[in-house]
Amino acid sequence: MVSTYFSYNYISHHLKQSLTRVEQQADIAKEAAYYKANIGKVKTVDDFMKDYRLYHYAMKAYGLEDMAYAKAFMKKVLESDLSDGTSFVNKLVDKRYREFAAAFSFNGTEKPVAQSEDQTDEMIGLYTATMKKQVDALTDASNYYSSKIGSITSADDILNDDRLRNYVYSAFGIDESKWTRDTISQVLRSDPSDPNSYVSTTFTSQLSGLNAQLTQAKSDVTATNTKIADYTAQLSQPGADVNQLNIQILVEKYHLETYTKSVSSLSDQIAGIGNLVDLAGAFEFLPDGSLPPGQSAQTAANITLTKQWFDDSKSEVYAAASPLSEALAITQFRTAVVKVNSLQAFVSTPTVYNFALGSVGLDPAKVSKDTIKAVLESDLTDPKSFVYKLKDNRYVELARAFNFDAKGNLTTPLVAQDPAKVLDIAKDYVIAVVRGASTSEQKAVREQAQKDATAYQEAIGGVDSVSELLANRNLINFVLIAKGLDPKKVSTEYLKKIFASDLNNPKSFANTETDPRFAEIASSFNFDSKGNVARLPMMGPQKQTQLRETQANYLQQSLEQQQGDANPGIRLALYFQRKAGEITSAYDILADKALSEVFRTTFNLPDSMAAMPIDQQAKFVDKFMKIKDLSDPAKVEKLLGRFSAMYDIRNSDSVGQAQSPLLNLFQGSGSGLSDSTYLAIAKLRSSPR
């Protein structure tokens, strides 16, 4: 009979090959294919549990086969809110249940939304920054004008300086698309008090005629309204010709529309001429565009007036940036955005639409809604999509801030890492750091680790690409420590190769590395083939990363079970190897029958030790084993080498038997405990330590 020591060491050193052999077994491959093909059809917990093959596949993947019968219990597990410390699953001692719940999204918190909370917070921050930036830009423009206007020597000096020209145009309401540069140049060189100047002969001379037309147009509007009112009153009189009156009313309404447009057009023309006259009067240029000797381009009074008119022209910007207006806009946005359930709803909700466009510096009045729809329906992973053709990063920012698919429906967010995975990594980091600290240091170390975890959670939401992630060594080190790796021994160049690997290809760089943790790190992030952040792909109740983890777990469980059928000691060793990274204290070992058995066997301790008080047992664990060593794969392997040798000595008669009593360590139904007792144990809270 092949020894446990030899078998375990062979499997441990050839784990990938062993898993590949299991994966290629006909029954295993068949179940894996079925799961992958059908999990995407599941919409509810009940759908999931009604499909025997899907449900049992997943239960086996997380080592919960013996609890498959307890569907009511497992339903409560799957519907638990992992972020709520008081939820059902978070009250259970056995960590397998939380791992199982974390592999699915049944509790409603993963429902697609137009914006995640992080996206909303980011957009609000962007809005505040944009408002400040716009006000700062106006202040900067005024300062620039003040610093330059004194050195101006000709009208062309103003028109040739983009910043000065734009400032003057804004202050005097000049529409650059309407008036040519030559026209404005001649206006600047005009004296409005001179009836022979350009501005007087070309524009001021029109005012009397335009005012007369405006007076007539206003009179026509009044007369037409009177006629419509008179015809409308006649409709109710006995013997009225209703059809004829309605026709007359329609004719007069047509006239009213024409006259009203005339009033608006004439008013604009008169105001425009007034602006040009004001512009001419605000400067001291001679007809040739030069200045009289010793004369500045503007008097002090006119400089002050120009700056005042500029500020008046930007009143909406100043108003929007005021603390009260900004606070109101943010409150309205927060309230309204959670109700947006489609792209059409987005463009039809002004408090959301205007806020969102304003946040990225776009003017809702100058951009068509059709353009915005096309932007938000763009595929950000496709460089040929519409949003990139605009060659304006503001549109890209807008598209990234919302979650709409090509049809305008809600989809998953664009994030580097799933929020649930972020929480898992943060938790693992705290565990890893605290585990390496001495008892006296643990409180302080835990507090700092939790601060680090909060910083990670805040920072990872802003990562847009692999290159950005790898450039932030603090983030990378955090993840490496969480996975039990020493950051000093892992180079950025090596990680580039890991992240560039195709995780679906078993022959890729990441998948052929000896340490599988690097492939696990890469799979925990959500980047596309070009290294850019991508939307989280969903397959029913699972994201792609969750599906991959479930299938990997199923293979691992199948390998352990198959090895356990021939030799339970190998299963014990593989199980301990898999769980070692999660052990944070002696109590984690003592709470798990299989882990306890490995510990006692390794150090040749009697089974009667299990009857001792738990605190006394914990002292034995700490005496024989350094918990922090369990984060080092090499030390774990050395420990399990000793275990397998000791196991052969202690179980020489049972090694190779088809039904070893040690299998009861993994099978709840074979221990003599009732099902109700198992449920009671599962529901126990962790005792304070």
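This note sets out numbered points on the chain as a whole and on several of its helices.

1. Basis of the note. The structure is a predicted model, in which local features need pLDDT of at least 70 and side-chain atom pairs count only at pLDDT 80 or more, while totals for chains, interfaces and linings use all residues. Residues are numbered from 1 along each chain as its sequence is written, and side-chain values use heavy atoms, with hydrogens and water left out.

2. Secondary structure. The chain contains 36 helices and two strands. Both kinds of element are DSSP runs numbered from the N terminus: helices are H or I with at least four residues, and strands are E with at least two.

3. Overall dimensions. The radius of gyration of the chain is 38 Å, whereas a compact globule of 689 residues would have a value near 26 Å. This radius is taken over C-alpha atoms, and the globule rule is 2.2 Å times the number of residues to the power 0.38. The C-alpha trace spans about 120 × 80 × 45 Å along its principal axes.

4. Burial and surface. Of the 689 residues in the chain, 43% are buried; buried means under 20% relative accessible area, exposed means over 50%, and partly exposed lies in between (1.4 Å probe, protein chains only). The chain exposes about 35,500 Å², of which carbon and sulfur atoms supply 53%. Accessible areas come from the Shrake-Rupley method with a 1.4 Å probe, and for residues only the protein chains shown count as cover.

5. Contacts along the sequence. Contact means heavy atoms within 4.5 Å. Among contacts between residues at least 6 apart in sequence, 64% join residues at least 24 apart.

6. Helices α1 and α2. How are two packed helices described? The description uses the angle between their axes and the distance between the axes. The axes of α1 (residues 4-13) and α2 (residues 15-23) come within 4 Å and cross at roughly 90 degrees. Axes are lines fitted to C-alpha atoms, for helices over the stretch in contact, and angles run from 0 to 180 degrees between N-to-C directions. The two helices α1 and α2 are therefore roughly perpendicular (under 35 degrees is roughly parallel, over 145 roughly antiparallel, 65 to 115 roughly perpendicular, and the rest oblique). Y10, I11, S12 and H13 of α1 meet L15, S18 and R21 of α2.

7. Helices α2 and α30. The axes of α2 and α30 (residues 544-566) come within 9 Å and cross at roughly 95 degrees, which makes α2 roughly perpendicular to α30. On α2 the contact involves L15, S18, L19, V22 and E23, and on α30 it involves L555, Q556, S558, L559 and Q562.

8. Helix α5. Seven of the ten residues of α5 (residues 52-61) are buried, so this helix is largely enclosed by the rest of the structure. The buried residues are L54, Y55, Y57, A58, M59, K60 and A61. They pack against α3 (26-38), α4 (45-50), α6 (71-78), α7 (95-102) and α30. After α5 comes G63, whose phi is positive, near 65 degrees.

9. Leaving aside neighbours within four places in sequence, S359 is in contact with M123, L126, Y127 and T130. R571 lies in α31 (residues 568-579) and counts as buried at 8% relative accessibility. R571 and Q557 are 14 residues apart in sequence and 9.4 Å apart in space, C-alpha to C-alpha.
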